[in-house]
Amino acid sequence: MATEVLPEESEIMDSEFTTSEVGESGELTAGNHALPWPASTIDPTLIRWRYLLAIPGVHLLACLAFFPWFFSWTGVVLAVLGLYVFGTLGINLCYHRLLTHQGMVAPKWLEHGLALLGVCAMQDTPACWAAMHRIHHKHSDDRPDPHSPLVNFFWGHCGWLMFENREFLNVNCYQRFTRDLLRDPFYLKLERNMNWLRIYTAHALLFFLAGFAIGWSTGGTAMAGVQFGASLVVWGVFARTVLTWHITWSVNSVTHVWGYRNYETNDNSRNNVLVGLWSNGEGWHNNHHADQRAAAHGHRKWEFDVTWLTIRLLEKLGLVTNVVRPRCWKQAEAE
Ligand SMILES: [Zn+2]
Ligand SMILES: [Zn+2]
């Protein structure tokens, strides 16, 4: 069933927000000009400690992959597969193109299943992710943009995650930007009692236990089980989580600084070939800013978009419907 679009929601999706506006202070907000520190929305005294600790913490756990004791080829394969399963399906397809931009309609069982994959990428809840991203589109490279790299590159990449955003502390604002999602009890439950983090922890535990059982039965000792289980967690969960983070973050940082533009949007969004390839399609970011609801981000033939190919496959299988095509494709067909 399609999620009903509330008036506020359709405002957010509306193309009038395709381009950013000049900030309240009248400062130029895109191009080559540096954006001022977003003091109006960010209070440096409000550090988000759980992010400040979790981000370096998970990086350190991922670094265990450099120790041979934690190595297994199965772990490496799970890490590579996981980039697609949790990053491409969970974040790109579900969190971004389906839930945030409603570029297609999926049955609830599929939508919720894909959202759980996104939860296992440790990028916060679907509603939180969607709210931040909708604010980003509404104010791209303007002062209220939560993660413009025009402040500085590190800020746009992940620095922004470590500070409270006053705009986000406002419950009305939160409800306004994700009311459509939070009307679904499934997404509301993920918000409560850190349930999303419990799911992430449970999936990591599952990786370990499965590895432990296989390692013990094939290696003959409990220690062989511990070693194999640990290799699956270090590679298949921690290393993959960190890689997926940097892939997603590079869309926020790199593609608002370097690349070419197909569309003259008023923000600084770019199409970046490298990010386009390693993010499985999210790096065609200027295309995306110009046509936000389109489920395909690669608009030209050579702008390879694995996420879009996946959506096409799901559409052919009848699993998603009402797939929104880029306007430029529709215009080309009409001519
Ligand atoms: Zn952007
Ligand atoms: Zn978007």
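A residue is buried here if 20 or more other C-beta atoms lie within 10 Å of its own, exposed if 12 or fewer do, and partly exposed in between, with C-beta atoms placed from the backbone. By that criterion, buried residues make up 46% of the 335 residues in the protein.

This is a predicted model, in which local features need pLDDT of at least 70, side-chain atom pairs count only at pLDDT 80 or more, and totals for chains, interfaces and linings use all residues. Residues are numbered from 1 along each chain as its sequence is written, while chains are lettered from A and ligands numbered from 1 in the order in which they are written.

## Confidence and overall content

The pLDDT, the predictor's confidence in each residue on a scale from 0 to 100, averages 87 over the protein, and 85% of the residues score at least 70. Over residues 1-33 the pLDDT is below 50. Beyond near neighbours in sequence, that stretch has 55 contacts in the model, a contact being two residues whose C-beta atoms, placed from the backbone, lie within 7 Å. Where pLDDT is low, the predicted coordinates should not be read in detail.

The protein has 15 helices and 2 strands. These elements are DSSP runs numbered from the N terminus: helices are H or I runs of at least four residues, and strands are E runs of at least two. Of the contacts with a separation of 6 or more, 69% join residues 24 or more positions apart.

## Helix pairs

Two packed helices are described by the angle between their axes and the distance between the axes. The axes are lines fitted to C-alpha atoms, for helices over the stretch in contact, and the angles run from 0 to 180 degrees between N-to-C directions. Angles under 35 degrees count as roughly parallel, over 145 as roughly antiparallel, 65 to 115 as roughly perpendicular, and the rest as oblique.

| Helix pair | Axes come within | Crossing angle |
|---|---|---|
| H3 (residues 73-100) and H4 (residues 108-119) | 7 Å | roughly 120° |
| H2 and H11 (residues 222-253) | 8 Å | roughly 135° |
| H3 and H14 (residues 306-316) | 10 Å | roughly 80° |

With its axes at roughly 120°, H3 is oblique to H4. The crossing of H3 and H4 is left-handed, a term used if the near helix is turned anticlockwise from the far one by less than a right angle, with right-handed used if clockwise. On the H3 side, the contact is made by Val85, Phe86, Leu89, Gly90, Ile91, Leu93, Cys94, Tyr95, Leu98 and Leu99, and on the H4 side by Glu111, Leu114, Ala115, Leu117 and Gly118. The residues of this contact between H3 and H4 divide into 12 nonpolar, 2 polar and 1 charged. In this classification Ala, Val, Leu, Ile, Met, Phe, Trp, Tyr, Cys and Pro count as nonpolar, Asp, Glu, Lys and Arg as charged, and the others, Gly among them, as polar.

H2 and H11 are also oblique to each other, and H2 passes H11 in a left-handed crossing. Val58, His59, Leu61 and Ala62 of H2 meet Val234, Phe238, Ala239, Thr241 and Val242 of H11. The contact of H2 with H11 has 7 nonpolar, 2 polar and no charged residues.

H3 and H14 are roughly perpendicular to each other. H3 contributes Thr88, Leu89, Asn92, Leu93 and Arg97 to the contact, and H14 contributes Val306, Thr307, Thr310 and Ile311. By class, the contact of H3 with H14 has 4 nonpolar, 4 polar and 1 charged residues.

## Individual residues

Arginine 50 lies in helix H2, which spans residues 49-63. Arginine 50 counts as exposed because it has 12 C-beta neighbours inside 10 Å. Its C-alpha atom is separated by 8.2 Å from that of methionine 162, 112 residues apart along the chain.

Most residues other than glycine have a negative phi. Glutamine 102, in the loop between H3 and H4, has a positive phi near 50°. Glutamine 102 is buried because 21 other C-beta atoms lie within 10 Å. Aspartate 124, in the loop between H4 and helix H5 (126-138), has a positive phi of about 70°. With 20 C-beta neighbours inside 10 Å, aspartate 124 counts as buried.

Proline 326 is placed in the loop between H14 and helix H15 (327-334). Proline 326 counts as buried, with 20 C-beta neighbours inside 10 Å. Leaving aside neighbours within four places in sequence, proline 326 is in contact with Asp291, Ala294, Ala296 and His299. Proline 326 and glutamine 292 are 34 residues apart in sequence and 8.7 Å apart in space, C-alpha to C-alpha.
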